[in-house]
Amino acid sequence: MKLIKRLLGLTVLLAIAFILIAFILPRTVTVERDIVINAAPEVIFPYVNNPKKTETWSPWLSHDPNTKLTYTGPEAGVGSKMEWDSDNPNVGKGTAEIVESIENKEVKTALDFGPQGTADAWFRLSPEGTSTKVTWGFTADAGMNPIARWMGLMLDKWVGADYAKGLSNLKTLVEAQ
């Protein structure tokens, strides 16, 4: 009986420590990847400012080519919106809407993953001689949810790998033109 009480006490202490440590972890999670593409910003910009064109280099569609995609709003720029729906947990369901677009420089997107939360994403295009450095970033707020804060520790690994793959796909696509 003493062993059971000790194990129960240890379990409670570990649960309390898990929660307390979570509130020391960062509330905001940011992931960024970049790549240099041998093309001018004006060549790359249409591929990040038009949700339909992201299909040509998206890292997630390779996880599930049967993902259902729906587009609303203008074809490109502010208000252009893409919805996706997949049974594959690596793709899931959500929306991405362009909320800011500065021609050949930057595109900001509001992401909504339903019950998994919201996030902001961006593309920044920085000329480097005859090439362009493309930065793809993502910021999410874990709020006061201790589990979300612990999961935030893994986001860089999970999302970062897909961002690197997507940027590589984009580079290959643009440089092949």
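Predicted model: local features only at pLDDT ≥ 70, side-chain atom pairs only at ≥ 80, totals over all residues.

Residues are numbered from 1 along each chain as its sequence is written, and side-chain values use heavy atoms, with hydrogens and water left out.

The structure holds seven salt bridges, a salt bridge being a side-chain nitrogen of Lys or Arg within 4 Å of a carboxyl oxygen of Asp or Glu. One of them joins aspartate 156 to arginine 33, with the closest N and O atoms 3.1 Å apart. This pair links distant parts of the chain, since aspartate 156 lies in helix α4 (residues 146-175) and arginine 33 in strand β1 (residues 28-37), 123 residues apart; helices (H or I, at least four residues) and strands (E, at least two) are DSSP runs, numbered from the N terminus.

Glutamate 106 pairs with arginine 124 at 2.8 Å between the closest N and O atoms, and the pair connects strand β5 (residues 106-112) with strand β6 (residues 118-128), the two residues being 18 residues apart. Glutamate 106 counts as buried at 14% relative accessibility, whereas arginine 124 is partly exposed at 33%; buried means under 20% relative accessible area, exposed over 50%, and partly exposed in between (1.4 Å probe, protein chains only).

Within helix α4, lysine 171 and glutamate 175 lie four residues apart, about one turn of the helix, and their side chains meet in a salt bridge of 2.9 Å, N to O. Lysine 171 is partly exposed at 22% relative accessibility, and glutamate 175 is partly exposed at 33%. Elsewhere, salt bridges that share partners join Glu32, Glu106 and Arg124 into one network.
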